[in-house]
Amino acid sequence: MWRVRWSEGFRLSVYDYLGKKNWGNVKRFLKELEKSLNTDPEMIIRLKRNPVVFEYRWVRRRRGLIILVHVRRMYYRGTEYRMYYVIYEDIERIWFVGFEPRTNSTYKKKTLC
């Protein structure tokens, strides 16, 4: 059974950009995502299709394992905000780790050659 979780940093980022009043809306969105994951088997496939934005190394302390983690992005409120998440298939968890507004500076500049 899939679970959607979020880090403390994610929650604080939502507070910074949207205010504490809107945390309930984001939380509701994440709970709806969890419900969709558990009722629609294709939903996890759609989440895996989202682009990998960056990778980082995560160390599992008890076993001393170093795991390479893919951080993916999805949009919230159309394309106004970006939410970053990690999929852990072995334990059926999705962790949201980042939240930021999408601005013109986040676009990659394309040059014509």
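**Figure 1. Aromatic pairs in the predicted model.** A search of the whole structure finds 10 aromatic pairs. Rings of Phe, Tyr and Trp (its six-membered ring) pair if their centres lie within 6.5 Å; planes under 30 degrees apart count as stacked, over 60 as edge-to-face and the rest as tilted. This is a predicted model: local features need pLDDT of at least 70, side-chain atom pairs count only at pLDDT 80 or more, and totals for chains, interfaces and linings use all residues. Residues are numbered from 1 along each chain as its sequence is written, and side-chain values use heavy atoms, with hydrogens and water left out.

**Figure 2. Close-up of Phe10 and Trp23.** The ring centres of Phe10 and Trp23 lie 6.3 Å apart, and their planes stand at 65 degrees, so this pair is edge-to-face. Phe10 sits in helix 1 (residues 8-18) and Trp23 in helix 2 (residues 23-39). The pair links distant parts of the chain, 13 residues apart. Helices (H or I, at least four residues) and strands (E, at least two) are DSSP runs, numbered from the N terminus. Both Phe10 and Trp23 are buried. Buried means under 20% relative accessible area, exposed over 50%, and partly exposed in between (1.4 Å probe, protein chains only).

**Figure 3. Close-up of Phe29 and Tyr76.** Phe29 and Tyr76 form an edge-to-face aromatic pair, with 5.3 Å centre to centre and 75 degrees between the planes. Phe29 belongs to helix 2 and Tyr76 to strand 3 (residues 65-76), so the pair ties together parts that are 47 residues apart in sequence. Phe29 has 31% relative accessibility and therefore counts as partly exposed. Tyr76, at 7% relative accessibility, counts as buried.

**Figure 4. The aromatic cluster.** One aromatic cluster is formed by Trp6, Phe10, Tyr15, Tyr17, Trp23, Phe29, Tyr76, Tyr81, Tyr85, Phe96 and Phe99.

**Figure 5. Strand 4 and its two faces.** In strand 4 (81-88), 8 of the 8 residues are buried, so the strand is largely enclosed by the rest of the structure. In a regular strand the side chains alternate between the two faces of the sheet. On one side of strand 4 lie Tyr81, Met83, Tyr85 and Ile87. On the other lie Arg82, Tyr84, Val86 and Tyr88. These residues are all buried, and both faces of strand 4 are covered.

Figure 6. Strand 4 and strand 5 (93-101) pair in the antiparallel sense over 8 bridges. Two strands pair if DSSP finds at least two bridges between them. Tyr85 has Phe96 as its bridge partner in strand 5. The hairpin has 4 residues between the strands. Glu92 lies in this loop and has a positive phi of about 55 degrees, although it is not a glycine. At 28% relative accessibility, Glu92 counts as partly exposed.

Figure 7. Arg77 lies in the loop between strand 3 and strand 4. Its phi is positive, about 60 degrees, although Arg77 is not a glycine. With 39% relative accessibility, Arg77 counts as partly exposed.

**Figure 8. Salt bridges of Glu34.** The structure holds 5 salt bridges. A salt bridge is a side-chain nitrogen of Lys or Arg within 4 Å of a carboxyl oxygen of Asp or Glu. Glu34 forms one with Arg3, and the closest N and O atoms are 3.7 Å apart. Glu34 is in helix 2 and Arg3 in strand 1 (residues 3-6), 31 residues apart. At 11% relative accessibility, Glu34 counts as buried, while Arg3 is partly exposed at 26%. Glu34 also forms a salt bridge with Arg5, with the closest N and O atoms 3.8 Å apart. Arg5 lies in strand 1 too, so this pair ties together parts that are 29 residues apart in sequence. Arg5 is partly exposed, at 30% relative accessibility.

**Figure 9. Close-up of Glu89 and Lys48.** The side chains of Glu89 and Lys48 meet in a salt bridge, 2.9 Å from N to O. Glu89 is in the loop between strand 4 and strand 5, and Lys48 is in helix 3 (residues 43-49), 41 residues apart. Glu89 counts as partly exposed at 48% relative accessibility. Lys48 counts as partly exposed at 32%.
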